[in-house]
Amino acid sequence: MRTEEELLCDSHCHFFSTRFLEILTKDVAGLPVTDRAASVAAQLGWDAPGTPESLADRWVAELDRHGVARSVLIASVPGDEESVAVAVARQPSRFVGAFMFNPMVPDAEPKLARALSTLRLRMVALFPAMHRYRLDDDAVGRVFEAASQSGSAVFVHCGVLSVGVRKKLGLASPFDLRLGDPLAVAAIALRYPSVPVVIPHFGAGMFREALMAADQCPNIYLDTSSSNSWLKYHPGLTLEAAFRQALAVVGPDRFLFGTDSSFFPRGWQKPIYDAQAAALEAIGLDASGRGKIFHGNFARLFPAPGDTRH
Ligand SMILES: [Zn+2]
């Protein structure tokens with residue numbers, strides 16, 4: 001186990017459940033009617049997810065193996081909130097539930113209310129480029145309103161969006177990247193200063209805009225997850241330089257470490273952690289700053305049940 005100083009919390013993991021695979025492939029012809037998820041998983045070279053209970057147990061074992069104390073699990077297609085809710089109810093001290101949500105669907109409000117109250121999920125994940133809506137739409141305002149009332153966070157995917165599983169399955173992905181703009185996130189984040197707003201992957205290519213948004217809005221957080229391949233859009237930019245620049249603008253209190261881990265058997269992505277830890281070491285961030293990024297900020301945003309320190 002890690003010491004208190006080295007505690008590790010992962011703010012960005014995907015819970016790729018059986019139901020997730022079923023919903024994702026509902027319009028794909030030629031798949032078996034029974035055990036469809038297992039067949040899709042086999043096609044992808046993944047282990048079949050099984051029941052949400054067994055997948056939750058597998059995640060716990062995986063986090064234990066790597067000394068990760070807690071993790072956000074994201075239900076990664078609308079309609080799969082229940083699977084993550086099962087995992088959270090099973091291990092409330094280990095998991096924080098998040099869910100992909102499309103505010104433009106009919107019955108959005110009751111669906112949202114149910115996820116945030118009955119199912120006890122704590123972060124709404126918006127993908128405006130995927131679901132093709134503007135962040136200044138009234139429906140998005142209603143999401144922030146609900147988040148504000150329930151004390152939840154809102155995650156907004158910005159920048160380049162490439163969903164590996166959709167690509168591998170050949171699913172159409174007509175994303176409109178213009179809709180995921182950190183400056184549009186800033187406009188709504190300002191209206192709801194009590195709602196923590198997470199922009200993943202340093203803005204995924206909209207690095208400058210993500211820093212501008214976070215500089216303007218003290219409630220905007222940046223998540224560091226994934227291989228950060230967006231660096232390729234910025235000539236000569238390295239992960240070290242990105243961290244140095246972002247820390248200079250935003251400070252260490254508004255970064256959330258994440259890996260973007262998702263399927264098994266690959267499991268938790270330790271190489272992502274190693275690369276980020278090495279980058280922060282290389283730029284000389286002190287232990288206090290590292291502690292905030294790797295667990296302290298997570299614990300403040302998502303206090304564990306019974307933890308009254310934050
Ligand atoms: Zn992700």
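**Exercise 1.** Find the residue that follows helix 11 and say what its phi is like.

*Solution.* Go to the end of helix 11, where G251 comes next. Its phi is positive, near 80°. A helix here is a DSSP run of H or I with at least four residues, numbered from the N terminus. Keep in mind that this is a predicted model, where local features need pLDDT of at least 70, side-chain atom pairs count only at pLDDT 80 or more, and totals for chains, interfaces and linings use all residues. Residues are numbered from 1 along each chain as its sequence is written, and side-chain values use heavy atoms, with hydrogens and water left out.

**Exercise 2.** Check the span of helix 11 against its number of residues.

*Solution.* Start with the 12 residues, 239-250. The expected span is 1.5 Å times one less than the number of residues, so that gives 16 Å. Now look at the end C-alpha atoms: they are 16 Å apart, which agrees.

**Exercise 3.** Work out which residues of helix 11 are buried, and what covers them.

*Solution.* Buried means under 20% relative accessible area (1.4 Å probe, protein chains only). That picks out L239, A242, F243, A246, L247 and V250. They sit on the same side of helix 11, because they cover an arc of only 125° around the axis, using directions from the axis to the C-beta atoms. An α-helix has 3.6 residues a turn, so residues three or four places apart point the same way. The cover includes helix 10 (207-216), helix 12 (270-282) and helix 13 (287-301).

Conventions. Helices (H or I, at least four residues) and strands (E, at least two) are DSSP runs, numbered from the N terminus. Buried means under 20% relative accessible area, exposed over 50%, partly exposed in between (1.4 Å probe, protein chains only). Contact means heavy atoms within 4.5 Å.
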